[in-house]
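Here's a walk through the two chains, from the overall build down to a few local spots. Have the structure open while you read.

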Amino acid sequence: MTHKISKIAKELTGLLIVICSLLFSVACSDFLYDDSDIVTYADREHLVSDADTLWSVAGIMNKMQALADRTILLGELRGDLVSITDNADADIREVASFSIATGNRYNNPADYYAVINNCNYFIAHADTALENNRNESIFMKEYAAVKAFRAWTYLQLALNYGKVPFITEPIVSKEQSEQEFPMYGINDICRFFIADLAPYADIEQPGYATIRNTDSSLFYFPIYILMGDMNLWAGNYRAAAENYYKFITMRNGRNSSFPISTNSVRFMSNDSHWTATADTWSVNAFQTETRSAYGELITMIPGDSIPSEGNYSELRDLFNTTERNEYKESIRPSEALYSLSALQRYCHYTSGGEYVFSPDGLDGHRSGDLRLQAVYNESNNMAISVNGKRIENYVTNGKYQTRNIHLYRRAMVYLRMAEALNRAGFPRFAFQILKRGVNNSVIETEVVPYYESDAAWLRTFSFPDNRYVLETTAGAASENTIGLHSRGCGYTAANSTYTMPDSEQLTGQQLLDYQIQKVEDMIMDEEALEFAFEGHRFYDLMRVALHRGNPAYLADHVARRSGTVDASLQQKLLTTGSWYMTLPE
Amino acid sequence: MSYTPVHAQDATREVKGIVTDATTHQPLSGVLVSVAETNGYSTLTESDGSYELRVPLTATSLTFSSPEHNIVKSGLTSAVQQRAIALYPNTFSEDYGVKTNVTSTSNAKGFEFANSVSIEEEIQKKLGAEVHTTTRSGTPGIGSVMFMNGLSSINANAQPLIVIDGVIYDQQYGRSMLHEGFYNDILANISPADIEQVQVVRNGTALYGAKGANGVILINTRRNHSMATRITASISCGVTLEPRTFDVMNASQYKSYASDLLQTTETTLKDFKFLNNSTDNYYLPQYSNNTDWRDYVYRNALTQNYSINVEGGDDVADYNLSLGYINQQSTLKNNGMSRINIRFNSDIHITKKFDVRFDASFANQTRNLRNDGAPTGYTEGTPTSTAFLAYAKSPMLSPWTFSGGKIRDGYIDVADESYLDEALSAYSGYNYKLANPLAVNEYGDAENKNHFENSLINLAVTPTYKFGEHLQLSEHFSYNLVNTNEKFYIPRNGVPSYYVQRVNAICENEVRSMAAKQNSVMSDTRLSWNNRYDAHSIAVFGGVRFNWETYTQNSQLGYNTTSDKMPAISSTLDNAKPSGSSNSWKNINWYVQAQYDYCQRYYLQLNAALETSSRFGNEADHSVRLFEVPWGFFHGVEASWVLTNEQWFSAVKGVDYLRLSLGYDVSGNDDIEYDAARSYFASRNFLEDVSGLSFENIGNTRLQWETTTRLNASLEGNFMSNRLNVRLNYFRSKINNLLMYQPLAYVTGLKRNWSNDGAMKNEGFDVSAVAKIVATKDFQWEIGASAGHYKNEVTELPAGQQAVESTVCGATVRTAIGDAANLFYGYKTAGVFATSEEAADAGLYTLASDGITRQYFKAGDIRFTDQDGNCIIDERDRDVIGDPNPDVYGNISTTMNYKRLKLDVRFNYSIGNDVYNYMRQQMESGSRFMNQTTAMTQRWQTEGQVTDMPRVTFQDPMGNSRFSDRWIEDGSYLKLKAVTLSYTLPMNTTYLQGLQFWIQANNLLCFTRYLGIDPEFAMSGSIIGQGIDMGRLPQSRSLVAGVKINL
């Protein structure tokens, strides 16, 4: 019997060996894990051809869309320029009161990492050496653009969460995502990306023309601006100023200019009743969404047309009264913004050739700076009937009339350059950006004489007079440069009250420090007037507070937004930890 | 006349006995007496019923069989004279199988009078306690959901594995159809008439590796067993009666309701055309009808079923060829199905050692379809389910057109409902108009409009080579193709234009089409060997099974065709959108089964399988790594002890057979989301214009199967001279590594993916007993009953969570540690506030969406129970309000035979299951302009009125109709499923060898307190969603008459 069994066993083994060798002549893993018709597996290369460039970049831009609204809201609601109305929902309330809970829809760090992980994958896999048959690099433009997307996203993360897991390699498995990552704060992030971006600063952006009637050239983050921002946050002021300057001089190519323009809101020169205003500012800045040599808009995140498409910006429905929000807006200007605006002195050049100040107490917030009234309109006696209800309150905010979210614009680059130059020790340079605008003559007469030891460095900022033409009362077509304050406060160049801060008691470094602080205050006010509602305020306050080493700077401003001091909020904000949202476990 | 023993070396002894007929008590001659489960020792009884047989000393049991009687087994005593055996005629159900049932498998056979479209109905009738089976709805051939051994998964598939003739059939459980309330039941492609036997395998499922955890149903189709050619033709026809319905308000009640509801809208208007009863109102005829819409939607339905079966064979080949056609109307007009099926099963004996089995089958099913049941919402369209409209459509309107001041009978009204326009047109994006169900039926009727077609082709070839008496090698190769396509069309005529939130547009109508294809290839190479060494018997088989599956589906959707004459889908339609999926998955399974028995007293069966799947993570937890891929190892051991085969026991009076079994099994559930283990990019539209590739998933490389460990104990016994058959099965199971859709770390940028986390356990039993009450020559009466029970308890949830919740049709279903999975979790109510004072005293309120404004409950609102006593009615006030799991379920049956007349009666029941009556929630929420049940006439209308029906409020701002115990009902029932009366006409002519006539009545009676129409329904085959009544077509009474002709 044992003989039988062993014979059978032999037969069996032989058979099994034959079957096994047949079955496993190809490896099991190839048999099991093959390709799909519908999706692209991360373990298979796909960044290998021209066709993959747009798809991959579009995929990242698609993820960027999720960040659009919150970039604005987190930056604005936590500042002092807006207040929320009774219509605001709980999430918005939480943001405004610095008590953002885990489930808040604006507190979702995964959305930032969605951009980052897609960028990381692209950066790790895109073959930048690959060239097409015209010997052009296939992926280089996209590569630079993706590096910029990633840098901007990390900057946002650090600004909103303080220290964040820093990952530059793609995560392609759940297991990888569960490891410990180094935690980077704003300075580490800036340091990394300044070095990371530098080699790609001069690479052109990709050109995909219009995508759904939207100018795609506005979808990118210019590396010089990013490097300017990163240096500014990191306290490398000269480098910051240089990078902003480089953006300005390179924006339109070599031997070109990118002046601040003369777009402004002003009373009509022949108006004697302070009622009629002319506004070339808001149209150019907020309603024009095509790239032009002298256009204001630099970068935006496009939004979808209807909610069901997935990336519909809610901001229109938060800042305006619309049918969708049943004519109930959630966000309105704060008392602090109204008073700051009213506090400005508007310098009017009359048809009679005189400079006069507009009076106080004008209707419709027309006293002081004109920019707020140009974009924000409230009407309380409308009579629209909706769902059988009578709608009386009607609000329009000119900065939120389109589906796209604007992030960078020209005035921002100039003002940040001013901030950097001021901090670098050149308050007079910064001041001129506010008052007259800059060209080489201004630099030579108003700046260089005060800082002889740095004359050489200052002269590297070249704004040729023939391309940067200062405004005169003549209003010639070639005039293209005004001080930023002039955008809402009339002829600032002639405004005798808008002057360079000075002190007779102080000299030397003390005077310089005094001037730097005062000019910085002026820059901050200018940023408030120019960028109200645009989502910069909280970060601007944060940056200045950090640079001054004084959390109270932020706390005092924010606590006073309603006109009176919110002591408990003030107290809370003295701790810098309260400025940030908390990352989930 | 003993045969010569094959094993001449076996020492033998002589046994003697006598065999009688249990009904006549007369001796039976010609009964085959043989040593059980052993070849070579058998004899036939003499004319006096006596037998003498030399049996091996190791033999412990004899088998007695005859063509007209059921098989009986009997343990051998040490004496020569064995106990007397009485055989029962095969009009009774079988007590014994040929082989010892080591795994306590349950069998069902005999579907010759089955008029059902698919086999699940028969499983429910015959194995209701072993497989907890619930018919989905009254739509013909829509199938059932089946659960074995409690709940075996929460999120993955929990339905059993279906194996037909050794081939695993993917049941497409998770695939969705275009029509609401419809499900493509793959089993409906197999005619029950072609099925010889259904086996329910609850234990020993480790053999099926990562697919066995939910239990296995083995279906064998008919093969030829005789040399003579036999032709059987069957014809049956029947009628299914219009289903019962519940009462809705009449026209004047509806007008009063609508008028009340209008007062809670924003309208400032006072006069409405439809409420003006003055005779000079031109529109009076348009609004003064009293239409019972159900009359236009339901009908008595006809069913027909034809089949012919030819079988025969010779030395060279055996074959069984069958052809069937079934046509069943649905009791919903313009709905119905027909199927044609062909099956050819053959066994070809090429040489003595080489056999080939060749099977081929084809089935084609077509259907006319409409949406069925209540809509899940109103924001993506308007209801077009005619069954729902039959209740919801206002009775004051006429189905016929209104023109020139009067109703024109016979001309279908195709104009949009307009009686509410004055009041509601300002509500943008609110769908308040209802379609005319007649128009939905009439203008939606065409093969290219609302139509379904499914084809299934199977080809299988199985060469088997016998190396000798004990060893054989076989290769089972099978190819399956399932082709499905479906067209969905909402007509323009008679359906109002409606707002679709998804596309943010008002749409006129909608077209969808879907085409899906699944290719399945299986190869199963198996080596088997068996032998017996004296008292030791060994049988081993092992092999490898490959499964290749690919499923591709493409669908299109578009709005606004130019007319009902142009129903085709095209890119020119508004918001046209294609979508699709493509899944491909593979499994390799190495398996082995070894069975050993000693003297047929002690059985030991070992099962083991090593399985890998493309759906496992590449570094799956608990896996064995071989050939660069992860393998799951599954194993089980079953042991049985047949007490009656012990010599010391075989003489015990009153006990004819007793088997005890114990088993332990580890099997898996591999229903892992297709690509969850892998990271991949998918295309998403950027600005609806260019496609952007971005990470769609970050793979969980450690993803594995769910592991089910099951311990079972069972007892089977025949008592009182085989008059009573009892089977008892008890099990405990633990399911580990539950597949859960869990948050991913935020650094992935993605929200969730599947992971294995969580555990639950089941404990339960099923018991069945069959008793032969009367057994006389002419009259036999048998009664049977079965009961199943399980208790499910979740023991562990991921990430330290105590509970997970999901929302289905407004219901929150909650799975919490310590409770069963999938409980209804909602608000408790305590009536309606009769007075303002009462409401003010309670001071209950909800918070508006701004999180600050308090909205107080007023007189006429529901008084929700404030569990935490803080006066805010919010999520924290919810509690468990229902459990869809039954306490006990099963069958009761009785069979009576009088001469050639046979009456078979089968009940099934379910006790203690709770139902969320979603249909009633829709029909009693009092917040939309839809007709409501007559209970709504009791609504709160005046201060001080005491009632349990709240006031009506447009759009229900206080949430009176929210998910609460108002909608939870006891779904217990006892249903008389089938009564069959058959008569066999004796005949023996050259051309005609037999005639059988039968009539069958189905769903005759249902005893229940449930307020809906039919307490038996299933909206989904997944655990989450059980017990939710969508108001789909109820099963109704049917009567079928048939004749079976043997040629």
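## Chain B as a whole

Of the 1047 residues in chain B, 60% count as buried. This is a predicted model, by the way, so everything here is computed from it. The C-alpha atoms of chain B sit in a box of roughly 105 × 70 × 60 Å along the principal axes. A compact globule of 1047 residues would have a radius of gyration near 31 Å, and chain B comes in at 32 Å, so the two agree.

As for secondary structure, chain B has 9 helices and 56 strands. Take the contacts in chain B between residues at least 6 apart in sequence: 71% of them join residues at least 24 apart.

## A four-stranded sheet in chain B

One spot to look at in chain B is an open sheet of 4 strands, in the order E41-E42-E43-E48, with antiparallel pairing. At the edges are E41 (803–808) and E48 (879–882) of chain B, each of which pairs on one side only. On average, neighbouring strands of this sheet are turned by 45° against each other, direction ignored.

Zoom in on strand E43 (residues 823–826) of chain B, which pairs with E48(B) in the antiparallel sense over 3 bridges. There, Tyr825(B) has Val880(B) in E48(B) as its bridge partner. In general, strands of a sheet pair through backbone hydrogen bonds, either parallel or antiparallel.

## A covered strand, E14(B)

Now jump to strand E14 (residues 216–221) of chain B, where 5 of the 6 residues are buried. Which way does E11 (residues 161–164) of chain B run against E14(B), parallel or antiparallel? These two run parallel and are joined by 4 bridges, with Val163(B) standing opposite Leu218(B).

Strand E13 (residues 195–201) of chain B also pairs with E14(B), but this pair runs antiparallel, with 6 bridges. Here Val200(B) stands opposite Ile217(B).

## Over to chain A

Chain A has 23 helices and 17 strands. Its 585 residues are 58% buried, and the C-alpha atoms of chain A fill a box of roughly 125 × 65 × 45 Å along the principal axes. Among contacts in chain A with a separation of 6 or more, 71% come from residues 24 or more positions apart.

## Helix H17(A)

Which residues of helix H17 (residues 440–447) of chain A are buried? They are Val442(A), Ile443(A) and Val447(A). Looking down the axis of H17(A), these buried residues fall within an arc of 100°, so they line one face of the helix.

At the start of H17(A), a side-chain oxygen of Asn439(A) comes to within 3.2 Å of the backbone nitrogen of Ser441(A).

## Phe166(A), tucked into a loop

Phe166(A) lies in the loop between strand E3 (164–165) and helix H7 (174–177) of chain A. Is Phe166(A) buried or exposed? With a relative accessible area of 7%, Phe166(A) falls under the 20% cut-off, so Phe166(A) counts as buried.

Setting aside neighbours within four places in sequence, the residues in contact with Phe166(A) are Tyr154(A), Phe181(A), Pro182(A), Tyr184(A), Ile189(A), Phe192(A) and Phe193(A). As for Asn62(A), 104 residues separate it from Phe166(A) in sequence, and the two are 22 Å apart in space, C-alpha to C-alpha.

How values were computed: Residues are numbered from 1 along each chain as its sequence is written. Chains are lettered from A and ligands numbered from 1 in the order in which they are written. This is a predicted model: local features need pLDDT of at least 70, side-chain atom pairs count only at pLDDT 80 or more; totals for chains, interfaces and linings use all residues. Side-chain values use heavy atoms; hydrogens and water are left out. Buried means under 20% relative accessible area, exposed over 50%, partly exposed in between (1.4 Å probe, protein chains only). The arc is that of the directions from the helix axis to the C-beta atoms. A polar contact is a pair of N or O atoms within 3.5 Å; within protein, one must be able to donate a hydrogen and the other to accept it, and residues adjacent in sequence count only if both atoms are side-chain atoms. Two strands pair if DSSP finds at least two bridges between them. Axes are lines fitted to C-alpha atoms, for helices over the stretch in contact, and angles run from 0 to 180 degrees between N-to-C directions. Contact means heavy atoms within 4.5 Å. The radius of gyration is taken over C-alpha atoms; the globule rule is 2.2 Å times the number of residues to the power 0.38.
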